[in-house]
Structure formats: C-alpha cells, structure tokens
Amino acid sequence: MNKYVLVTDSSCDLSEAMVRELDLSVLPLSFHIGENSYKDHPDRREMDPKDFYDRIRSGAMPTTSAVNPEEYIEHLTPFLEQGQDVLVLAFSSGLSTTCQSAQIAAAELSERYPERKLLVVDTLCASMGQGLLCWHAAQKRLAGESMEAVRDWCEENKLRLCHWFTVDDLMHLKRGGRVSAATAVVGTMLQIKPVLHVDDEGRLINVSKARGRRASLDALVSKAGELATEPAAQRLMLISHSDCETDAQYVADQIKEKYGVQRIELNNIGPVIGSHTGPGCVALFFLGEHR
C-alpha cells in the first residue's frame, strides 16, 4: 500500500502540536486587516491569537478570502512528485469555496499525475469539528487503513460530527449576516446569547437563545449529554475558543464531571474562523448519532 498524506486547511484550528502528532499537512488560509494580508499557519507565526483578538476589540474588522486552486496545486504537487497519494479533508462547502478549489486542483493534478491517487472530502465541518474529523482519519491511517477506507469512513461519519457554539457579542454575527441588526441590538441589551450549530449542509444555524453567558455555556454542556454517542467512551472531544480560555475550560470541566469524558483538548480559534465570530466564542465538538 502506497504511503499517503492527509492534507487539510488551517480552518481546522488544530494546534501545532496536534498537527505534528497527527502528521498532517495544513494549507494556511488567508486573512486581512486593513491593507495587510496574513497567512493563518497552525503555529500562528504571522499573528498571535491574543494580538488578533485585541485588534478586533480595538475596532479592527478583519476579512478573509478563500484559497484558490493554484494555491492548492502548489501545496499538493510536492507530495505527488515524491510518489505519495493524497487525501484532502477540506473546509465546509457550506461556508467557503475552499473545498471547490481543492476539487478543481485535484482534477487538474490527476491529469498531470495519472499514476497517483488524489481524493477530496467535503467535510461539511469547520474549526475543530474539521480538526476532529482529521484526528479520526489520522487514527485510522495509523491503524493501517487504506486511503480509500479512510475516505469512506469520513464520508459516512462526517454528519455525526457535532458542532455547538455560542458567542459573547452578537454584533460580529450581524456583520457576517448570521443575525439581523435588530436581533443583535436587542439581544445585546438583554444579554441574550445565541446557541448555534453547523447543520447537515455545513452551514451555521442559530438554534436557540440563552439569557446570560453562563447559561449559554451550560447549553453546550447539555448538548454533549443529549447528542454525544457514549460520551465516556469517546477517545477525544475538542473545544475551540476565541481568547476566552477560562470559559472554554469551564465547559471542559463540566463535561468531564457530568459525562466522564477522559480527554478534551482546547485550542484558540484561528483568525480565519475568528474573523467571523469575534472574541468570546466557545465551540464544542464531538461524535453523535446526528448533528
């Protein structure tokens, strides 16, 4: 069996340490602040998350741009030239054209390198939901499963990858068109916090509301109890946060105490996802029977 490479993009929000642990190749996506453009590498070499969120708090309004097929071609070509096959686990098509770019690049490269295999999975996931799917794929590769078997598992199980999150400031969701201006203003005045998830089409959906920050964090904990498949038996749950580690740790501690989950890893939401959530987002990811 040929050695194959697992490739994803930096919207997975995995830490540099976990990227190394899983032996992933991560394509950095781009974000922009003012006239300056940056790449979002897992080691955050171009901007520290704390600096990024402090800039938002000071009034910066970052934007993002999807990777183009040429960037994917440049990233993937060295692996193919080395005789390796490639499985790409791409950012949700419901949120970005990144996956479409990966598919265009794969079609072109398959013509250039007909002896190689190049597969693309539209994960329909984001942030560490995408990261958790990559983690499971890496475990299966480590166990000796073929690239096709790992691809098939991801396709069959990606809609079991539950994403639940809340934000502290509705104005960032308003800017991204996720809530109306009136909802944002009234919700801010009344300390209403939305509870959202990623649906089966890979889109962000506003599901419910909680009164106050602690209630919204408790709602995430409750979702793990409602939806997680045998939570105590899950090998890993992930929590991402946008510069609010104390709140993220609260959710982790509650889940461990209530449901006996053994391993929960935390990491900052990177600038690509964080450009749309703003500071104060906490997101929980786990495997369930459905989203």
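Select helix 4, residues 98-112, and compare its length with expectation: at 1.5 Å a residue, its 15 residues should span 21 Å, and the end C-alpha atoms are 21 Å apart, which agrees. The expected span is 1.5 Å times one less than the number of residues. Helices (H or I, at least four residues) and strands (E, at least two) are DSSP runs numbered from the N terminus. The model is predicted: local features need pLDDT of at least 70 and side-chain atom pairs pLDDT 80 or more, while totals for chains, interfaces and linings use all residues. Residues are numbered from 1 along each chain as its sequence is written, and side-chain values use heavy atoms, without hydrogens or water.

Within helix 4, colour the buried residues, namely Thr 98, Cys 99, Ser 101, Ala 102, Ala 105, Ala 106 and Leu 109. These residues cover an arc of only 150° around the axis, which puts them on the same side of helix 4; the arc is that of the directions from the helix axis to the C-beta atoms. Buried means under 20% relative accessible area, exposed over 50%, and partly exposed in between (1.4 Å probe, protein chains only). An α-helix has 3.6 residues a turn, so residues three or four places apart point the same way. Next, display what covers this buried set, including strand 1 (4-9), strand 3 (29-33), helix 3 (69-81), strand 6 (85-90) and strand 7 (118-122).

Move to Arg 213, in helix 9 (residues 213-227). Arg 213 is buried, with a relative accessible area of 15%. A polar atom of its side chain lies 2.8 Å from the backbone oxygen of Gly 280. Leaving aside neighbours within four places in sequence, Arg 213 is in contact (heavy atoms within 4.5 Å) with Thr 166, Val 167, Asp 168, Lys 193, Cys 244, Asp 247, Gly 280 and Val 282.

Two loop residues follow. Arg 44, in the loop between strand 4 (36-40) and helix 2 (49-57), has a positive phi of about 55° although it is not a glycine. Arg 44 is buried, at 11% relative accessible area. Glu 230, in the loop between helix 9 and strand 11 (237-241), has a positive phi near 40° and is likewise a residue other than glycine. Glu 230 counts as exposed, at 58% relative accessibility.

Of the 291 residues, 57% count as buried.

Notes: Polar contact = N/O pair within 3.5 Å; in protein donor to acceptor, adjacent residues only side chain to side chain.
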